[in-house]
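Student: I would like to go through this structure step by step. Please show it, and I will ask about what can be read from it.

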Amino acid sequence: MQDAKLCPLCGMDNRCGHAAGHPAGTCWCDAAVFPEEVLQQLPSSAVCICEACLDQLKRRLRQETK
């Protein structure tokens with residue numbers, strides 16, 4: 001089982017407010033945009049990715065669609 005505070009893609013701290021026990025709406029991901037194409041590339045884990053990995057996936061997606 002993965003640590004809920006570590007990004008499953010890079011292994012770094014995912015800064016997940018939900019995993020830290022903070023109230024709903026206080027995590028960075030609550031305001032983030034997760035395009036469907038990005039969601040399809042994520043592991044089928046309930047563990048959150050970090051903001052840096054989300055940004056990297058979005059950049060890769062933009063490059064692939066050029």
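Tutor: What follows is a set of questions and answers on a predicted model.

Student: How many helices and how many strands are there in the chain?

Tutor: A helix is counted here as a DSSP run of at least four residues, and a strand as a run of at least two. On that basis the chain has two helices and zero strands.

Student: What does the C-alpha trace span along its principal axes?

Tutor: The chain has 66 residues, of which 24% count as buried. The C-alpha trace of the chain spans about 40 × 25 × 15 Å along its principal axes.

Student: Which residues does tryptophan 28 contact, leaving aside its neighbours within four places in sequence?

Tutor: Tryptophan 28 is one of the residues of the largest nonpolar core. A contact requires heavy atoms within 4.5 Å. With neighbours within four places left aside, the contacts of tryptophan 28 are Asn14, Arg15, Phe34, Ile49, Cys50, Glu51 and Leu54.

Student: Which side chains meet in a salt bridge, and at what N to O distance?

Tutor: One salt bridge is found in a search of the whole structure. The cut-off is 4 Å between a side-chain nitrogen of Lys or Arg and a carboxyl oxygen of Asp or Glu. The side chains that meet are those of glutamate 51 and arginine 15, with an N to O distance of 3.2 Å.

Student: How many residues apart in sequence are the parts that this pair ties together?

Tutor: Glutamate 51 lies in helix α2, whereas arginine 15 lies in the segment before α1 (36-41), so the pair ties together parts of the chain whose separation in sequence is 36 residues.
Both residues are also contacts of tryptophan 28. The separation asked for is 36 residues.

Student: What is the phi of arginine 15?

Tutor: Most residues other than glycine have a negative phi. Arginine 15 is not a glycine, yet its phi is positive, at about 55°.

Student: How far apart in space are serine 45 and alanine 4, C-alpha to C-alpha?

Tutor: Serine 45 is placed in the loop between α1 and α2. Its relative accessibility is 32%, so it counts as partly exposed. Serine 45 and alanine 4 are 41 residues apart in sequence, and their distance in space is 9.8 Å.

Student: How far apart in space are lysine 66 and alanine 24, C-alpha to C-alpha?

Tutor: Lysine 66 is in the segment after α2. With a relative accessible area of 84%, lysine 66 is exposed. Lysine 66 and alanine 24 are 42 residues apart in sequence, and their distance in space is 36 Å.

Student: How far apart do the centres of the positive and negative side chains lie?

Tutor: The chain exposes about 4600 Å², with 52% of it supplied by carbon and sulfur atoms. There are 7 positive and 8 negative side chains, and the distance between the centres of the two sets is 6 Å.

How values were computed:
Residues numbered from 1 in each chain as written. Predicted model: local features only at pLDDT ≥ 70, side-chain atom pairs only at ≥ 80, totals over all residues. Heavy atoms only, no water. Core = buried A, V, L, I, M, F, W, Y, C linked by side-chain atoms within 4.5 Å. Buried < 20%, exposed > 50% of the residue type's maximum accessible area, 1.4 Å probe, protein only. Areas by Shrake-Rupley, 256 points an atom, 1.4 Å probe, with all protein chains shown as cover. Lys, Arg positive; Asp, Glu negative; His and termini not counted. Charge placed at Lys NZ, Arg CZ, Asp CG, Glu CD.
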